[in-house]
Amino acid sequence: MSPHLHADAAPTISRIASVNPATGEVLGELDSAGPVEVRAAVVRARTAQPEWQACGVRQRIRVLRRFQQILLARKSGIARRITQEAGKPQAEALTTEVLVVLDAARFLIENGFDLLRDEILPHGNLVLKTKSGRILHEPYGVIGIISPWNYPFSIPATEAMASLLAGNAVVLKPSELTPLIALELAKLFHDAGVPREIFQVVPGEGPTGAALIQSDIDKIVFTGSVATGRRIAEIAAQRLLPVVLELGGKDPMLVLDDADIDVASSGAVWGAFVNAGQTCLSVEHCYVHRSLYSEFLEACVAKTRKLRIGNGLDPSTEIGPMIHERQVRIVESHVEDARERGARVLVGGSRLRDLGPTFFAPTVLAGVDHSMRIMREETFGPVLPIAPFDDDGEAVRLANDSDYGLAASIWTNDRARGERLARQIHAGTVMVNDVVSCFSISEAPHGGVKSSGLGRTHGRWGLEEMIRVKYVDSDRVPRRKKPWWFSYGRDFTAEMESFLDLLYSQPLREKAKAAVRSAGAHWRKKL
């Protein structure tokens, strides 16, 4: 039996509580799924998956279209639940979560059939022109998804939609900090017509995720920390389990000497502080041309001071709480390390204890360098460290001096210049004159290089992660033996050399001679 929300029932193994980070209110408690429950969920998924696959892509698109319309009708309630559980302002829940899912559904509805249907594969090799080949796109079977707390709706929903459309069953293990929104997602899918066995939620902490990885799934999609991602990759490698790993980032923002300071500073403030900085695509360090540095700092500080901080359910709130006190402590340690090494705190730099233990003031730092943890480690909090550079080459070197490579942004009034520099940045995505919103572009892939992970989600590439490619080849002349089969005979080597000349030599005279010399290979007697 799947774990579910309880009021008073005794726990089966252990229990997790969903807590509103703004108020400390317990929103609900759930039984954790142990290894037995996880294995049972995977067995149910595997048993049901063939029928889901057999219903066909067009039927699954109809289900996805119903899901989209049900979500649209329930958008306010879903956004409110996201805000209650994750803390972000309700407006952000709509724009960075619900909108992302609605548009990802739109992309899959419009493009899924063409991307998943059989593909005729032409043969360029003249030797094989009698063959007809096609590519089949088949589901893996059962996909395990382990999703994070910072975007508890949009991340698992976009991954699950691609997986379901491809014909897979999904077993989702949400973050133990945000399990309730995962149950809301399950209800949306089930109400749209996805069978309950085809999309299941197994709440729990680390052991639940470990049980899912070690169960009989066919692929794992994980979003989370580098350390956990590496452990998952090691476990998966033991049985060659395919993985998609999105492991966060330390995204740089480069402000060139011709950038619009007002626009770029607004982009920096939003990019650094959206979702209280708890975004893998957030601006984690900013480099500004020295000629603009002082003015840019002043603009960022002035705009940061105007931000309204509070409970995300308050319509005027722009910055909500952080998810948990342990995440606040990481941010505090990064800011303190930078301060001790000479950085200047221009605004913020401490908790807002009058609002609660998980509120941290949006912070702007100057005088930072790469000796500081805040410039090298993922902070995942509302901090904007800003450093100067002297030329484009130095800006690129600073941006690439990182173990991460998820995304980056370049700000300039010269689009060609920005795109030229984008080619030099080591990242999965580079935006010119915008930040973060690449996650909302449903056609674009999401994922990184270096320690930011493996594989891609979103768009065509995300859908392709959910399928196995099978090649089927049929010979049009089944009654004819092939020239390269046994018996080779005394002259076969010379005939094959001539045949290669026929295929690939350039002068027509040489091709004609080679055709004559190789003809015997076609008519020789085969076994």
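Visitor: What should I know before I start?
Guide: The model is predicted, so local features need pLDDT of at least 70, side-chain atom pairs count only at pLDDT 80 or more, and totals for chains, interfaces and linings use all residues. Residues are numbered from 1 along each chain as its sequence is written, and side-chain values use heavy atoms, with hydrogens and water left out.

Visitor: How is a helix defined, and what span is expected for α5?
Guide: Helices are DSSP runs of H or I with at least four residues; strands are runs of E with at least two; both are numbered from the N terminus. The expected span is 1.5 Å times one less than the number of residues. Helix α5 covers residues 154–165, twelve in number. From first C-alpha to last, α5 reaches 16 Å, close to the 16 Å expected. After α5 comes G167, with a positive phi near 105°.

Visitor: Is α5 buried or exposed?
Guide: Take the cut-offs: buried is under 20% relative accessible area, exposed is over 50%, and partly exposed lies in between (1.4 Å probe, protein chains only). Twelve of the twelve residues of α5 are buried, so the helix is largely enclosed by the rest of the structure. Among them are P156, E159 and M161.

Visitor: What counts as a salt bridge, and how many are there?
Guide: A side-chain nitrogen of Lys or Arg must lie within 4 Å of a carboxyl oxygen of Asp or Glu. This structure holds 35. One of them joins E184 and R81, with the closest N and O atoms 4.0 Å apart. E184 lies in α6 (179–192) and R81 in α3 (75–86), so the pair ties together parts 103 residues apart in sequence. E184 is partly exposed, at 27% relative accessibility.

Visitor: How is a pocket found, and what lines the largest one?
Guide: A pocket is an open set of points with protein on both sides within 12 Å along at least five of seven lines; lining residues have an atom within 4 Å of a point. Points join across faces, edges and corners, and volume is the space filled by probe spheres set on them. The largest pocket has a volume of about 1,000 Å³. Its lining has 38 residues, with W149, F222, G224, S225 and T228 nearest the centre. α8 gives the most, six residues.

Visitor: Which residues make the nonpolar surface patch of about 370 Å²?
Guide: Patch residues have over 30% relative accessible area and no salt bridge; like charges are joined within 9 Å, and nonpolar side chains (Val, Leu, Ile, Met, Phe, Trp, Tyr) within 5 Å. Areas come from the Shrake-Rupley method with a 1.4 Å probe; for residues, only the protein chains shown count as cover. Here F486, Y488 and L527 make the patch. L527 is exposed, at 68% relative accessibility. The peptide bond from F486 to S487 is cis, with omega near 10°.

Visitor: Where does F380 lie, and what is its phi?
Guide: F380 is in the loop between β14 (363–366) and β15 (383–389). Its phi is positive, about 60°, although F380 is not a glycine. F380 is buried, at 11%.

Technical notes. On a 1 Å grid over the protein atoms alone, a cavity is a set of points where a 1.4 Å probe fits but cannot get out, and a pocket is an open set with protein on both sides within 12 Å along at least five of seven lines; lining residues have an atom within 4 Å of a point.
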